[in-house]
Amino acid sequence: MTSGQMRRSASKGCDESQHAVADALWESRHLVVSEVLAENGSDVSLSLLACCISVFSIIKEDKQWIKLFVCLGLTNKSLDDQRTEPEIPGLKLANPAVLPAPQKADANLGEYPELSPQPPKPPHVRRGPSNLQNKPPWRDVRLKTRHDTSKVVEEPVQADKEEKTEKSLHNSPAEVLSKVLFPFAVPITERQVAVIEAFRHAWKGYKDFAWGHDELKPLSKSYSEWFGLGLTLIDALDTMWILGLKEEFEEARKWVANDLVFDKNVDVNLFESTIRILGGLLSTYHLSGDSLFLEKAKDIGNRLMPAFKTPSKIPYSDVNIGRGTAHPPRWTSDSTVAEVTSIQLEFRELSRLTGDEKFQKAVDEVMKHVHTLSGKNDGLVPMFINTNSGQFTHLGVYTLGARADSYYEYLLKQWIQGGKKENELLEDYMRAIEGVKKHLLQRSQPKKLTFVGELAHGHFSAKMDHLVCFLPGTLALGAHNGLTADHMKLAEALIETCYQMYAQVETGLSPEIVHFNLHAQKGHKDVEIKPADRHNLLRPETVESLFYMYRFTGDKKYQDWGWEILQNFNKYTRVPTGGYTSINNVQNPSNPEPRDKMESFFLGETLKYMFLLFSDDIDLINLDKYVFNTEAHPLPIWVPA
C-alpha cells in the first residue's frame with residue numbers, strides 16, 4: 001500500500017466530528033484548532049500526536065496527512081478526565097525593538113526641578129527580558145504574560161451574557177495539539193480571536209470593493225478617494241503584522257511594492273499623510289525589517305518637505321507631492337496647532353534612520369518656536385497658528401479636542417522617544433496638564449464624572465469631544481514614565497467618563513461630541529447629545545486609553561469595557577458583505593443610520609488597540625521600547641549610540 005493509499009484509507013475511518021477538525025485544521029491551519037476541538041468534544045492522545053512532530057512538514061502541505069493524524073489522535077475522553085475551556089492558540093505577532101533600556105532625563109529641568117522624573121514604575125507583574133530578537137510574527141517567539149498561567153480569568157463571551165471562566169491549559173489536550181501541530185505558536189485569547197475575525201471581515205470588504213483605494217464604502221460596495229494612495233491598506237499594514245495575518249500582509253506588501261507611487265499630481269494634507277502613510281511605513285519597517293517600507297517612507301518624507309518652506313517655518317497644511325509645491329487652505333493662511341505639532345515623531349525617526357538631519361530639523365524648529373509663543377493660558381494653546389507670522393490666532397479659545405488634541409500628546413511622546421532628555425517638551429507638557437486641571441476640569445451630575453470641557457474667552461463649556469479620550473492613556477503613559485502620581489489618578493477618573501460616554505447611550509456607542517450636565521435634573525443622565533453630534537466614526541481614542549490603563553494596572557474591567565464596545569461595533573456597524581460603517585445616530589438602535597464609510601483608522605487604530613487591550617503579553621509592543629504615534633503606529637524609543 002502506498003503512503004497516499006494509507007492516508008486515504010485511514011481517513012475513511014474518521015467520524016464526522018474528526019472530519020470537521022481536520023477540515024478546520026486545513027482551512028485555518030495558521031490560526032486555531034483547539035477551538036474546533038472544544039466544539040466537537042474531542043481530545044488528543046499524546047502518544048499518537050507525538051509522531052506528528054516528525055512529519056509536520058508533510059502535514060502542513062497535505063490535507064490527507066492531516067486527516068490521518070487527526071483520526072488517529074482524537075479520542076472521546078480527556079487524558080486527565082478534566083474538562084477545561086481552551087485558550088485558542090494563535091501566532092506570536094509583533095516584535096519588541098532591539099534597543100537597550102532608555103536613559104534617564106537630565107537633572108536640570110529649568111522651572112520644574114520638582115518634576116524630576118522617577119524611573120518607570122515596575123508593573124504589577126515581572127517584566128520580560130530587556131531585549132528580544134526582532135522576528136516575523138509567525139515565527140518562534142517566547143510569550144511573556146501578565147498573569148501566572150494557573151490564574152483563573154473571567155472572560156465574558158458576549159456583553160449581554162453571563163461570564164464564563166477561562167482556565168489555564170497546562171498540559172491540556174487542546175494545548176498539546178496546538179504545540180504539536182503549531183510548534184511555533186503561542187496562545188491568544190478568545191477576545192483576540194474575535195478581533196482577528198472582525199479585522200478579516202473589514203479587510204474582506206476593503207479587498208473586494210476598494211482594493212488599492214483610500215477608504216471603503218461598504219454599503220454601496222465601492223470606495224472613496226482622499227489622496228489616492230491606498231490609505232486603508234497602508235494604515236493597516238502593521239495591524240496585520242501584529243495580528244499575525246501573514247497572507248493578508250504579504251498580499252498588501254505586493255501592492256506597496258508594485259502599485260504605491262507617490263509621483264503623482266495630488267494635494268495631500270501634511271498631517272494626515274504623515275501620521276497615516278509615513279508613520280505606517282516606518283512602523284511596518286521596524287516590525288518586519290523589510291527595507292521596502294523604509295524606501296517608501298523616505299520617498300514620501302522627501303515629498304512632504306516643501307510644506308516647511310514658509311516665512312515662519314510653520315508648515316503649510318497641504319502639499320502637492322508630485323509638483324513639490326505647498327500651500328495653506330484656500331480660505332485661510334492658518335494651520336491648526338495640532339497638525340503642525342503632531343508630525344514630529346515621524347520626521348524625527350526618519351532622520352534617525354536615514355542620517356539626513358533635514359527632517360528632524362524642520363519639525364524641531366516648529367516645537368521650539370511654539371515653546372516661545374505668547375497667547376497660551378497656563379500651558380493651554382489656541383487652535384490656530386499663522387504660517388506667515390508664526391503667531392497664534394483666534395486667541396482665547398482652548399480645547400483638548402479637535403485642532404489642539406495631539407499637540408499635548410506629542411509633547412510627552414517626543415520626550416519619551418528622545419530618551420527623556422528634551423526638557424522643554426516635558427516642561428510644556430507638565431504646564432499644560434496643570435492648565436487642564438485649573439481651567440477645563442469639571443464634574444457632571446448625577447454620577448459626578450470628571451470631564452474635560454472647553455474655555456472660550458473666559459466662559460466654560462461642558463462640551464467634550466470623543467477625541468479627548470486620548471488623554472487618560474497619555475496621562476497613564478506619563479505616570480508610567482515617572483511623572484507625578486496624580487496623573488494616574490486623573491487618568492482613572494477620565495477613562496471612567498469616556499466609558500460612560502458609551503454606556504449611557506442607547507446603542508452602547510459614543511457620539512462624536514457630548515455635553516455634560518453640571519446640575520442634577522430628575523430623569524437626566526450625565527451625558528446629553530445634540531442631534532448634530534450623535535454620529536460615530538468608529539474612532540479609537542477610548543479603546544486606546546483602555547489599552548494603556550490595562551497594560552499599566554492589570555485591572556480587567558478595562559478589558560471588559562473594551563469587549564462591550566467591540567460587541568456593539570459588531571451589532572450596529574458591521575456590514576454583512578464585508579466591512580464596518582460609521583453611523584449617524586447612536587441613539588437609535590433600530591436604525592443607527594449607516595453613513596457608508598469605513599475610516600482607515602478603524603483598521604489602523606481601533607482594532608489594533610482592541611487586540612493589544614485583550615493581550616496579557618507585555619512584550620507585544622512593549623511600552624518601554626515603543627511609543628505610538630497618534631495613528632497607533634509604534635515607533636522605537638531612542639537610546640544613546
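Which residues is Glu512 in contact with, leaving aside its neighbours within four places in sequence? They are Asp465, His466, Asp533, His535, Leu537 and Arg539. The model is predicted. Its protein chain has 22 helices and 24 strands, and 60% of the 641 residues count as buried. Among contacts between residues at least 6 apart in sequence, 72% join residues at least 24 apart.

**Annotated positions: active site**

- The UniProt annotation "active site", from an unreviewed entry, covers Glu272, Asp405, Glu512 and Glu541.
- Glu512 is placed in the loop between α19 and β21.
- With a relative accessible area of 13%, Glu512 falls under the 20% cut-off and is therefore buried.
- Glu272 belongs to helix α11, which covers residues 270-288.
- The relative accessible area of Glu272 is 15%, so this residue is buried too, given the limit of under 20%.
- Not counting residues up to four places away in sequence, Glu272 touches Trp226, Phe227 and Ile277.

- The loop between β23 and β24 (634-636) holds Thr630.
- Thr630 counts as buried because its relative accessibility is 17%, under the 20% limit.
- Apart from residues up to four places away in sequence, Thr630 touches Phe271, Ile275, Ser406, Glu409, Tyr410 and Glu605.

**Asp619**

- Asp619 sits in the loop between α22 (600-613) and β23 (626-628).
- Its relative accessible area is 0%, and Asp619 is buried.
- A polar contact of 2.7 Å runs from the side chain of Asp619 to the side chain of Asn622.

**Aromatic pairs**

- Aromatic pairs number 22, counting rings whose centres lie within 6.5 Å.
- In the pair of Phe347 and Phe359, the ring centres are 6.3 Å apart and the planes meet at 35°, so the pair is tilted.
- This pair links distant parts of the chain, with Phe347 in helix α14 (residues 344-354) and Phe359 in helix α15 (residues 358-372), twelve residues apart.
- Phe347 and Phe359 are both buried.
- Phe451 and Phe516 form a stacked aromatic pair, with 4.4 Å centre to centre and 20° between the planes.
- Because Phe451 lies in strand β17 (residues 450-452) and Phe516 in strand β21 (residues 513-516), their pair ties together parts that are 65 residues apart in sequence.
- Phe451 is buried, as is Phe516.
- Elsewhere, ring pairs join Phe547, Tyr548, Phe552, Tyr609 and Phe628 into a cluster.

**Nonpolar core**

- In soluble globular proteins, nonpolar side chains tend to be buried together.
- The largest nonpolar core has 156 residues, of which Leu237, Phe347 and Leu400 touch the most other members.
- Leaving aside neighbours within four places in sequence, Phe347 is in contact with Leu270, Thr274, Leu278, Gly301, Leu304, Met305, Phe308, Phe359, Gln360 and Val363.
- Phe359, one of those contacts, is also the ring partner of Phe347 described above.

**Helix α19**

- Helix α19 (residues 486-503) has 18 residues and should span 26 Å at 1.5 Å a residue; its end C-alpha atoms are 26 Å apart, which agrees.
- The buried residues of α19 are His487, Met488, Leu490, Ala491, Leu494, Ile495, Thr497, Cys498, Tyr499, Gln500, Met501 and Tyr502.

**Strand β8 at Tyr223**

- Tyr223 is part of strand β8, residues 222-224.
- At 39% relative accessibility, between the limits of 20% and 50%, Tyr223 counts as partly exposed.
- Phe209 is 14 residues away from Tyr223 along the chain, and the C-alpha atoms of the two are separated by 6.8 Å.
- Beyond its neighbours within four places in sequence, Tyr223 is in contact with Phe209, Ala210, His213, Glu215 and Lys217.

Definitions and conventions. Residues are numbered from 1 along each chain as its sequence is written. This is a predicted model: local features need pLDDT of at least 70, side-chain atom pairs count only at pLDDT 80 or more; totals for chains, interfaces and linings use all residues. Side-chain values use heavy atoms; hydrogens and water are left out. Rings of Phe, Tyr and Trp (its six-membered ring) pair if their centres lie within 6.5 Å; planes under 30 degrees apart count as stacked, over 60 as edge-to-face and the rest as tilted. Helices (H or I, at least four residues) and strands (E, at least two) are DSSP runs, numbered from the N terminus. Buried means under 20% relative accessible area, exposed over 50%, partly exposed in between (1.4 Å probe, protein chains only). The expected span of a helix is 1.5 Å times one less than its number of residues. A nonpolar core is a set of buried Ala, Val, Leu, Ile, Met, Phe, Trp, Tyr and Cys residues joined through side-chain atoms within 4.5 Å. Contact means heavy atoms within 4.5 Å. UniProt positions are given in the numbering used here, feature names are shortened, and annotations may be inferred rather than shown by experiment. A polar contact is a pair of N or O atoms within 3.5 Å; within protein, one must be able to donate a hydrogen and the other to accept it, and residues adjacent in sequence count only if both atoms are side-chain atoms.
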